[in-house]
Amino acid sequence: MRYAILAEIYRKLDATQKRLEMIDILIELFDKTELENIRIVIYLTSGKIGADFEDLDIGIAEKMVIKAIAKAVGKSEEIVTALFAKKGDLGEVVEAFKAKSTQQGLEAFLTDGKTAAEESLTVREVWETLNKIANLEGKGSAAKKINTLVGLYAKATPLEAKYITRTVLSQLRLGVRDLTIIEALARKYCTEKDARKVIEHAYNVTSDIGFVGEILARKGLEAVRQIKIQVGRPIRMMAAQRLPSTEEILEKLGGKCALEFKYDGERVQAHKNGDKITLFSRNLNDISTMYPDVRDALKASITASKAIVEGEIVAWDPQAERLRPFQILMSRKRKYDISEMKEKIPVKVFLFDLLFVDGDNYLLKAYPQRRTKLEEIIKEEEIITLASQEIVTNASEFEAFFETAIESGCEGVMAKDIRETAIYQAGNRGFLWIKHKFDYSSAFADSYDFVVVGGFYGKGRRKGMLGTLLMAAYNPEKEIFETVCKLGSGFSDEDLAKITKELMALRTPEKPKEVASKLEADVWFYPTKVFEIRGADLSTSPVHTCALNEIKEDMGIAIRFPRFIRFREDKKPEFATTTKEIIDAYKEQRLLKKEKKN
Ligand code: AMP
C-alpha cells in the first residue's frame, strides 16, 4: 500500500470537523487497506507507531526536524526556521519546500529512467523507518535519527513529507479518537448489532486498537469476542464519577455502599506473571523501573501465580507513620537515581481491585466478589496493604468514615456500588464508583482537572511569559474540549516559566478543531496538558462554551475565581473533568443555594 493513499486520506480528515464524515473517510481507508497493513494503518492514523503501552516514543525534537528538513531540501537551517516562524507548522514548511524542489527536479527525475511509482513510499516502509528512529539510542543517535528522516524525505511527495513530519513530532492531530476508529471498524466489517460494544470491550481489555482491528478484519467479530485478558498487557482503567452530597451518593448506590479511603497518589495496575511484575500507570505507561520496591513487595505479597490487581501508590512518612501528599510522590518519579529516591521517599501501595487471577477474568464479577478474592490472594506486609474499607448504610456512618479518611491524610472517599451489577467498567467513567472530596462538603468550592487549550501573554512582571491560560473541560460525547475559565493565579513565577516553556512546544497556528471557544486566545495549544485547579463556585457565562445552551440559551458554565493547584502529568486530556460533571455540579450548587435560602 502506498503511503500516498494514507496521506490523501489525512488531507481529507484534516479538512473536516464532523465525526460522521470522519467515520466515512475511515471506512474508505479500510476499503483501500490490505489485511496485512490494517494494524499499522490504525496506529499511524492515531498518530502513533504502536499501542500506547508499548512506549514507542519517536523522540524527535523540533530542532532535529529543522535540521533534517534543511538537509533534505538543501536550504540553511536559518531559512527553514524563518519559514517555520511564519507558518507555525513544520509539516507545512517541508511541504512548501518540497513542492518547489519537486517542480525544479521533475525533469531530471523523469529522465533518470525510474517511474514515480517505483520510487514512492509504502505505508510499511514509513512505519518501519519510524520504528527504527524510535529505537535508535545512545551516542550518535541524534545524528542517525536525522539522517534516517532525511532518507524518508528524499522519497516523499510534498504532501507525504508534511504528514511524516507531523507524525514524527507527535503532532498528527487528525482529531481521530479511538472511539471513532471503533465505530468505523464496526461499520466496515460487521453487521451484528452489538459489534461496536464487542470491539470496544476487546479494546478495553487489550488497550490496543490496532491489534483488535486486525483480528476483526482477518477473522471477524466472533474472533474479537474471544479475545482474552493477557497478563502483561494493560487493561484500560475504570474511572469514577462525582456527586456532591452524601445523600445523593447513597441513593444512587441503592442505599448501601462500600466506602474506601481515596488515597492521593498514583494509580497502578500491577500484572504478576510468575516471577515477573509489570506496573502500568493510569495512562498505561510501563512504570515498572520507577518502583523497584513496589515490584519486589508485590512479588512476595501476591500469592497467586498470575494476577492483575489495582491500587494506589502513595508517598509514606515512616517516622510520622503518615501518608504524604501527591507532590512528594511526583518528586520521586524520575529516570535516574531511582535507588536513592527509593530510600528518600518510601511508598506504600493500597490495593483496591482485582481484575484477573489464575486464568479467571473478574471484570464482569460484582465488586464484593472481586474484593473478597483480592483479600484471599494478598498477604499484607510493610509496603502492601488493602485500601481501608467499610460498608455504610446511612449518612452519619458515611460522614464518620469520611472524617477518618481526611484525618488520615486522604483526599476524600470513594463510594463503590456493591450490587450484583457492579462490574469493573474498563475504560469507562460511570456511577459504579463515585468520588467525594473534601471541598464539596465545606462550600461550593471544588477542584477540577482541566486541559490547557490557549494562552494570553502577560503584562508587567509577566511580560514575555504566558500570564493567563484558557482552560477547558472534556466533552466525551462530542470528543471536544469546551472552555470553562481563564486561569491566571495560583502560579509561582517558577511555575509560570515552566508552563510557558512546555506549552510553547505544543502551540498550533490556529485553534485546534477539538477545541470549542468563543474567545480568541493569543496562542492556541493542542489539548495535551492537564492542570488541577480550584474554583470558588460555578456560574453561567456568555463567553465560555462548556455546557453551552444546557442551562440557558447562548450561555455556558464557567468556574469563578480559579486558582492553579498543580500539574497533573499523570492524566491524559481524556481523563479531565467532563462537561457532564460540570453540569451536575452546577445543578447541585443551585439546589443547595435554594435550600439555604429557604
Ligand atoms: P480522580 O483522579 O479524581 O478521577 O479519582 C479517581 C482516582 O482515585 C483513581 O484513578 C485512583 O487513582 C484514585 N484512588 C484513590 N483511592 C482509590 C480507591 N480506594 N478506589 C479507587 N480509586 C482510588
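A salt bridge, as the term is used here, is a side-chain nitrogen of Lys or Arg within 4 Å of a carboxyl oxygen of Asp or Glu. Keep that in mind for later. The model you are looking at is predicted, so local features need pLDDT of at least 70 and side-chain atom pairs count only at pLDDT 80 or more, while totals for chains, interfaces and linings use all residues. Residues are numbered from 1 along each chain as its sequence is written, and side-chain values use heavy atoms, with hydrogens and water left out.

Let's start with the overall layout. The chain splits into domain 1 (3-168), domain 2 (178-225), domain 3 (239-441) and domain 4 (447-597), with bounds that come from an automatic or database domain assignment.

Now look at where domain 2 meets domain 3. Their centres, taken over C-alpha atoms, are 30 Å apart. Contact (heavy atoms within 4.5 Å) links 5 residues of domain 2 with 5 residues of domain 3. The count of salt bridges between these two domains is 0, and 1 residue pair is in polar contact, both at pLDDT 80 or more. For a polar contact, a pair of N or O atoms lies within 3.5 Å; within protein, one must be able to donate a hydrogen and the other to accept it, and residues adjacent in sequence count only if both atoms are side-chain atoms.

Next, find the ligand. Around the ligand are 15 residues, of which Arg267, Arg282, Glu312, Lys416 and Lys435 come nearest; a residue counts as near if one of its heavy atoms lies within 4 Å. A polar side-chain atom of Lys416 sits 2.8 Å from a nitrogen atom of the ligand. Phe261 has a backbone N or O atom 3.0 Å from a ligand nitrogen atom.
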